[in-house]
Amino acid sequence: MPSPRRSVEGRPLGVSASSSSGSPGSPAHGGGSRFEFQSLLSSRATGVDPACARLRASESPVHCRGSFPQAAAGPSQAPPPPLPEEDRMDLNPSFLGIALRSLLAIDLWLSKKLGVCAGESSSWGSVRPLMKLLEISGHGIPWLVGTLYCLCRSDSWAGREVLMNLLFALLLDLLLVALIKGLVRRRRPAHNQMDMFVTLSVDKYSFPSGHATRAALMSRFILNHLVLAIPLRVLVVLWAFVLGLSRVMLGRHNVTDVAFGFFLGYMQYSIVDYCWLSPHNAPVLFLLWSQQ
Ligand SMILES: CC(C)=CCC/C(C)=C/CC/C(C)=C/CC/C(C)=C/COP(=O)(O)O
């Protein structure tokens, strides 16, 4: 980020970045952009912030030197029109802002480092086919088709109940992931090749990872409703973890997309468990199904 003192064009205090190419307000995109200075008095939409006024009047070294004609011109001169909100960058962002930007920077850096199967020519390009096989194992379509098939074949009420809830869980997952992807609209990493097996339109976005939510949701569901030997239980957890990791290795996602995906999938299971469908609370659903 250019130093405010070096790129002074006008007024003291608040900094605004006006760029024609970078993302607005983002210091990460400030390269080549023109930085302007604007009085905090004019950058605040309403009233005068007393702290800013004090700084402007007496404590600003810039102002004291008297090297800025507009600042020195006195209160009678009309303040310049405020820049659009998206062109401004606060000089003293909050601790949360700094923490989030740092997390984002670490996320992007780590995701790029881990994206070793992003292309055939990448350092681990030879394991890309295996990663893509894993991708299919966590895709929504095989899970939906498999559940519907088992539901049709099931001849016990207990089995039907579990499968009905599994179907509900899968549909809830698709809905929530599509909703969040559509709201957040985070682009997939630049190094991703968009060569995925059947996608929905929101799947051009990466936050959260749908494979990670499914991995967490399905593994929790299986561990709670299937009686499995310990090695198989370990395998289920391992599958979920490796599937999440493979999303970053394939370059499909950043680490935070997968981490949040795991969290969301875990929480989705809690919702499904809480709303557990049974012939007692959803008799119509079960009667309809039994007439198929
Ligand atoms: C069969 C029934 C009852 C309903 C069909 C519902 C439906 C719209 C299914 C679509 C399944 C589908 C195409 C899911 C996309 C899965 C996917 C590619 C997710 C992206 O994962 P990500 O980890 O890259 O975010």
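Which residues are buried in helix H6 (residues 128-137)? They are Arg-128, Met-131 and Leu-134, where buried means that 20 or more other C-beta atoms lie within 10 Å of a residue's own, exposed means 12 or fewer, and partly exposed is in between, with C-beta atoms placed from the backbone. Bear in mind that this is a predicted model, in which local features need pLDDT of at least 70, side-chain atom pairs count only at pLDDT 80 or more, and totals for chains, interfaces and linings use all residues. Residues are numbered from 1 along each chain as its sequence is written.

**The chain overall**
- The protein chain has twelve helices and three strands; these are DSSP runs numbered from the N terminus, with helices being H or I of at least four residues and strands E of at least two.
- Out of the 292 residues in the protein chain, 27% are buried.
- If you take contacts between residues at least 6 apart in sequence, 70% of them join residues at least 24 apart (a contact means C-beta atoms, placed from the backbone, within 7 Å).

- Looking down the axis of H6, the buried residues fall within an arc of 115 degrees, so they line one face of the helix (the arc is that of the directions from the helix axis to the C-beta atoms).
- Helix H10 (230-249) is included in what covers the buried residues of H6.
- H5 (residues 95-114) lies largely in the open, because the number buried among its 20 residues is two.
- The end C-alpha atoms of H5 are 28 Å apart, which agrees with the 28 Å that its 20 residues should span at 1.5 Å a residue (the expected span is 1.5 Å times one less than the number of residues).

**Around the ligand**
- There are 15 residues around the ligand, and Gly-140, Thr-199, Ser-209, Gly-210 and His-211 come nearest (to be near, a residue needs its C-beta atom, placed from the backbone, within 6 Å).
- Helices H7 (140-153) and H9 (210-225) each supply at least two residues of this shell, and H7 gives the most, with three.
- By type, the shell divides into six nonpolar, six polar and three charged residues; Ala, Val, Leu, Ile, Met, Phe, Trp, Tyr, Cys and Pro count as nonpolar, Asp, Glu, Lys and Arg as charged, and the others, Gly among them, as polar.

**Loop details**
- The loop between helix H8 (157-184) and H9 holds Pro-208, which is joined to Phe-207 by a cis peptide bond with omega about -5 degrees.
- Arg-185 sits in the loop between H8 and H9 too, and has a positive phi of about 55 degrees although it is not a glycine.
- Arg-185 counts as exposed, with 12 C-beta neighbours inside 10 Å.
- Pro-93, in the loop between strand S3 (88-89) and H5, is partly exposed, with 13 other C-beta atoms within 10 Å.

**What the UniProt record says**
- The unreviewed entry annotates residues 161-273 as "domain: Phosphatidic acid phosphatase type 2/haloperoxidase"; positions follow the numbering used here, feature names are shortened, and annotations may be inferred rather than shown by experiment.
- In the model, that span is 70% helix and 0% strand, with its end C-alpha atoms 12 Å apart.
- The unreviewed entry also gives "transmembrane region" for residues 162-184, 221-246 and 258-277.
- Residues 162-184 are 100% helix, with end C-alpha atoms 32 Å apart, while residues 221-246 are 85% helix, with ends 21 Å apart.

Technical notes
Two residues are in contact if their C-beta atoms, placed from the backbone, lie within 7 Å.
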